[in-house]
Amino acid sequence: KEQLDFYFGSQNFPRDKFLRSKQQEQMDTAGVKDLSDKRNAERGYDKANPGGNTGWIASKVIFEFNKMQILLAGMDDSEKVESLIEACMESNVFTVSECGRYIRRRYHLT
């Protein structure tokens with residue numbers, strides 16, 4: 001949880017070019033131009049569209065980070081997802097889609 005809070009926290013996330021690029025790639029794919037557009041923000045919280053249109057980042061991207069590989073060593077994919085979901089329940093910084101395949105900041109940067 002602490003490592004994910006760091007990655008998605010207000011100190012790191014705005015400066016993390018890699019994570020921001022992954023977020024932007026997903027938004028570009030979904031055709032979202034401006035995350036601050038109220039309609040886009042509203043659509044992004046649609047649980048029926050978890051990979052949808054507000055900057056979700058595939059959890060497999062996070063699982064590839066060196067520190068996460070160390071923390072999750074020995075776990076299979078389903079155990080990694082379960083661990084991610086459990087960490088999300090304890091965090092005010094990030095959230096995980098219901099399927100566990102996507103992660104994003106709980107609150108958009110302003």
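Author: Phe13 counts as buried because its relative accessible area is 2% (buried is under 20%, exposed over 50%, partly exposed in between, with a 1.4 Å probe and protein chains only). This is a predicted model, in which local features need pLDDT of at least 70 and side-chain atom pairs pLDDT 80 or more, while totals for chains, interfaces and linings use all residues. Residues are numbered from 1 along each chain as its sequence is written, and side-chain values use heavy atoms, with hydrogens and water left out.

Phe13 sits in the loop between helix H1 (2-8) and H2; helices (H or I, at least four residues) and strands (E, at least two) are DSSP runs numbered from the N terminus.

The surroundings come next. The protein chain contains six helices and three strands, and the order from the N terminus is α-α-α-β-α-α-α-β-β. Of its 110 residues, 40% are buried. Contacts (heavy atoms within 4.5 Å) between residues at least 6 apart in sequence join residues at least 24 apart in 57% of cases. The chain exposes about 7000 Å², and carbon and sulfur atoms supply 49% of that; the areas come from the Shrake-Rupley method with a 1.4 Å probe, and for residues only the protein chains shown count as cover.

Now the charged side chains. The structure has two salt bridges, each a side-chain nitrogen of Lys or Arg within 4 Å of a carboxyl oxygen of Asp or Glu. One joins Asp5 and Lys1, with 2.7 Å from N to O. Asp5 counts as buried because its relative accessibility is 15%, whereas Lys1, at 32%, counts as partly exposed. The other links Glu25 to Lys22, whose closest N and O atoms are 3.7 Å apart. These two residues are three apart in helix H2 (residues 17-30), so about one helical turn separates Glu25 from Lys22. Glu25 is partly exposed, with a relative accessible area of 42%, and Lys22 is also partly exposed, at 24%.

Lys1 has a further relation in space: its C-alpha is 9.4 Å from that of Met89, although the two are 88 residues apart in sequence. Met89 belongs to helix H6 and is exposed, with a relative accessible area of 69%.

A patch of negative charge on the surface gathers Glu2, Asp76, Asp77, Glu79, Glu82, Glu86 and Glu90. Patch residues have over 30% relative accessible area and no salt bridge, with like charges joined within 9 Å and nonpolar side chains (Val, Leu, Ile, Met, Phe, Trp, Tyr) within 5 Å. Lys and Arg count as positive, Asp and Glu as negative, and His and the chain ends are not counted; the charge is placed at NZ of Lys, CZ of Arg, CG of Asp or CD of Glu. Helix H6 (residues 77-89) gives the most to the negative patch, four residues. Glu79, one of the patch residues, lies in helix H6 and is partly exposed because its relative accessibility is 40%.
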